[in-house]
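Reader: I am new to this structure. Please look closely at the part where chains meet, and set it in its surroundings.

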Amino acid sequence: MSSVVRQRQSLMFRARSYMAFAVMPRPPIMEWLADLDASLERSKGFFAGYPVALDLSAVSLSPNAIAQLIANLEERHIRVLGIEGLDPKDAAGLPPILRNGRDSHAVEVAPRPGAEFAPADPKLQTSSLLIEHPVRSGQTVVFTEGDVTVLGSVGSGAEIVAGGSIHIYGTLRGRAMAGAVGNARARIFCHRVEAELLAIDSYYKTADDIEDSLRLKPVQAWLEGGTLKLSAMN
Amino acid sequence: MAQVLVVTSGKGGVGKTTSTAALGAALAQEGEKVVVIDFDVGLRNLDLVMGAERRVVFDLINVINGVAKLTQALIRDKRIENLSLLPASQTRDKDALTEEGIAKVIAELRTKFDWIICDSPAGIERGATLAMRHADAAIIVTNPEVSSVRDSDRIIGLLDSKTVKAERGERVAKHLLITRYHPSRAARGEMLSIEDVLEILSTPLLGIIPESEEVLRASNMGSPVTLSSPLSAPGRAYFDASRRLRGNDIPIQIPSETRGIFNRLFGRKAA
């Protein structure tokens, strides 16, 4: 008799981070739902296909009420991926508790009053961000809602992250990451390329991978069959 | 109206302290009332470069803590009457600087002087951000090499976000001072060219100071180069820069190698 002793494989788990909308209901809940309906009326399908985190830190609801709220959101095609701001012992039967969420939208560039950055109300957002000055080393511009246009250079050690495409009317010496929330159709255009890194939808090229013949030229980058392509413009 | 200037760079060793002393002495020789402040608490140098190290009694931290009055801490230069120094403390560190304390000191200095020049420590931490906090204008000191230029770019970003002016939605005026420029090395392409530096930093140029032993000698003697050798190439370049600061329109010259008669005769063969 022979027996095969099978070595149990060690399982590997990977942590992965995703972009999700955080929805924060405020009391009274019924009025909040009515406001939500009004917003959704103006931009239908705003949440469609996106994971949503439910932030309950502004309300105190019983587990039943929370389940009801989740069902209400489900009716509006808002799918709750997890819950924030709830004691784990109250969360039996509910979606998992999320912790350590970091706010996106954090745009560090020159926080001046009345500056050109994303307005707080998502439904009023235009889908592009215009930056009219150079982006300096150490500064990060994050705009996941759409395109970013820079009228100036992006310094070495600076970073532009856009949900859509990136347009730079100057020299790109830093990093440009387009299609950052999973948009393979996003592109990067720049007037002069000397980039440290170009990325579209997590495919990237470092300075070393950029052909010498393209350096300092006007260039566009796009994705084709899972590779990042670069070509000189005109 | 008093002007508060910060002399800053991010990177160390590029010539902030030398430039603070040289510009301060140049402005004072032209009749302006000038105070230079050392913000490098714990690693003070400006007193040495100004030749005042043996006369320091009280310092910036003493004034902030209320141990001494501002007038007690100010050291008047022996050579130029209208030039004063506010030294840093050597025994403390940057944590001893408080924002309110500095605001008070700067406000008081504004009533006494035409120019308040803050010599920033290297880095982008507390000392450097407090030195730039109240600036009306900044002089960004850069050497023509990549690491210095990138650090300057970083500092320009901070000037646009961490200063009182930036927080009010105004802009800190910025002037670029290129120091340690070496004409022959630039000609051989061993340094970034002036055009490259200006293109990367897109900031108006205040002056170009050539690399010179004169500067080193002046610092070691405890005398700003604009005082000890005002007619030397760096001395003249600093004077031109100070006149531009006062609003005079003086064309900028890119320093070229001045060769003696022997060099001119034999230079080619030797090279």
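Author: Chain A has two helices and 14 strands (DSSP runs numbered from the N terminus: H or I of at least four residues for helices, E of at least two for strands). The model is predicted, so local features need pLDDT of at least 70 and side-chain atom pairs pLDDT 80 or more, while totals for chains, interfaces and linings use all residues. Residues are numbered from 1 along each chain as written, chains are lettered from A and ligands numbered from 1 in written order, and side-chain values use heavy atoms, without hydrogens and water.

Of the 234 residues in chain A, 38% are buried (under 20% relative accessible area; exposed is over 50%, partly exposed in between; 1.4 Å probe, protein chains only).

Now the interface. Chain A brings 18 residues to the contact and chain B brings 16 (heavy atoms within 4.5 Å). Interface size is often given as the accessible area lost when the parts come together. Here chains A and B bury about 1,200 Å² between them, with 44% of it on carbon and sulfur atoms (the area lost by two parts on being put together, 1.4 Å probe, summed over both).

Polar links cross this interface. Five residue pairs are in polar contact, both residues at pLDDT 80 or more (N or O atoms within 3.5 Å; within protein, one able to donate a hydrogen and the other to accept it; residues adjacent in sequence count only if both atoms are side-chain atoms). Four salt bridges join chain A and chain B (a side-chain nitrogen of Lys or Arg within 4 Å of a carboxyl oxygen of Asp or Glu). One salt bridge pairs A:Arg192 with B:Glu199, their closest N and O atoms 3.9 Å apart.

Chain B has salt bridges of its own. B:Glu190 pairs with B:Arg188, at 2.9 Å between the closest N and O atoms. B:Glu190 is partly exposed at 44% relative accessibility. B:Arg188 is exposed at 53%. Shared partners also build a network: A:Arg173, A:Arg192, A:Glu194, A:Arg215 and B:Glu199 are joined by salt bridges.

Over all chains, the structure holds 28 salt bridges. One of them is within chain A, where A:Asp37 and A:Arg76 meet at 2.5 Å, N to O. That pair links distant parts, 39 residues apart: A:Asp37 lies in helix 1 (residues 29-42), A:Arg76 in the loop between helix 2 (63-75) and strand 3 (80-84).
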